[in-house]
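Open the model in your viewer and keep the selection panel handy.

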Amino acid sequence: MQSVTNPTVVFIAGEGRSGSTVLDRCIGTAEGVASFNEMHEIVHQYRRNRKRCSCGDLPQDCAFWREVFADEGLSTNLGELESGFERYDGSRNAIRLLLGFYGPEDRRRLRRYGDLTAGLYRRIAEVAGVSVIVDSSKNPSRALILKRYAGLEVWCLHLVRNPVAVAESWARAKSGMDDNLPTYERAATYTRWALKNLACEALRFAVPYKRMRFEAFTAAPRKGLSEIKAWVPALRGRGDGFESEQEVRFEPFHSLQGNPDRFESGLVEIRRSRSRPLADSGLSWFQRGLASRYGYGRSDDLSG
Ligand SMILES: [Zn+2]
């Protein structure tokens, strides 16, 4: 694995149901780029072999993942990769990872987990034949592991979405093929929305960081992707799958975890996500202030 160079990682951070699957797939249409949705789950889902890959096969029957895990350096260390994921990838670790508050034993484990993770990303890039990978694991802890312990070049897109729209989405059951996502009450979603977004903001101290509103991206997705390509040096000058301002061609790909929209392919119209009024939404004073700082609830917001 050492002979292959490290891929650049475009990392999408944010709260769930903020639209990361569609943003991830749009970036993944750029030349020399592949997207995989929530990459922190890859080893876990591959070992469980229950949910389908977005190509339709079970993970252990998918030719792409079989080739990735044919690598001996990975296949003999799947258990260690999975225990690293369980121990360090959760959002609760973000601040500790950011500040480096770990003793020698955790630091040794994190370095080992980082080395194995770097090997996994190099192997995925090699099998996919790309130099840039899009990872929408969303948890800021994952971005820190990739940067600090795997030693990868990470560009962080912090995706925010109107909290009222996020809560509506979490309250709805959403299923497709064999993906079933949980539903959450509005107040619990607002609390998580605020904490997760604040933790994502802290990533600006560790990696190149850009914040993007989902509503602005879906209003002009081709333009949004152009801005991202201009921002990440490894993406500059690369073509992409957009055929008009709102229409993009998605090729089948290999995602083991993400929104059920990951099963969609062909020419897809990106639908504009409208913002929502914050009045009578049940947001606390603090949550509303944060939403306002992201540009929501202002007089010009609802058209955006
Ligand atoms: Zn597959």
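Which helices and strands each supply at least two residues of the lining of the largest pocket? Select α1 (20–28), α2 (42–48), α5 (78–88), β3 (132–138), α9 (163–171), α10 (186–201), α11 (214–219) and β9 (266–269). Helices (H or I, at least four residues) and strands (E, at least two) are DSSP runs, numbered from the N terminus. α1 gives the most to this lining, with 4 residues.

Before moving on, note that this is a predicted model: local features need pLDDT of at least 70, side-chain atom pairs count only at pLDDT 80 or more, and totals for chains, interfaces and linings use all residues. Residues are numbered from 1 along each chain as its sequence is written, and side-chain values use heavy atoms, leaving out hydrogens and water.

**The largest pocket**

The volume here is about 1,200 Å³. Now pick Gly16, Arg17, Thr21, Lys138 and Asn259, the closest to the pocket's centre of the 50 residues that line it. A pocket is an open set of points on a 1 Å grid over the protein atoms alone, where a 1.4 Å probe fits, with protein on both sides within 12 Å along at least five of seven lines; lining residues have an atom within 4 Å of a point. Grid points are joined across faces, edges and corners, and the volume is the space filled by probe spheres set on them.

Stay on Arg17, in the loop between β1 and α1. Arg17 has a positive phi of about 65 degrees although it is not a glycine. Is Arg17 buried or exposed? Arg17 counts as buried because its relative accessibility is 8%; buried means under 20% relative accessible area, exposed over 50%, partly exposed in between (1.4 Å probe, protein chains only).

**The nonpolar core**

Next, select Trp65, Val68, Phe69 and Ile124, which have the most contacts inside the largest nonpolar core, of 50 residues. Such a core is a set of buried Ala, Val, Leu, Ile, Met, Phe, Trp, Tyr and Cys residues joined through side-chain atoms within 4.5 Å. Zoom in on Val68: leaving aside residues up to four places away in sequence, Val68 touches Leu74, Leu120, Arg123, Ile124 and Val127 (heavy atoms within 4.5 Å).

**Last stop**

Finish at Asp280, in the loop between β9 and α13 (285–293). Asp280 counts as exposed because its relative accessibility is 81%.
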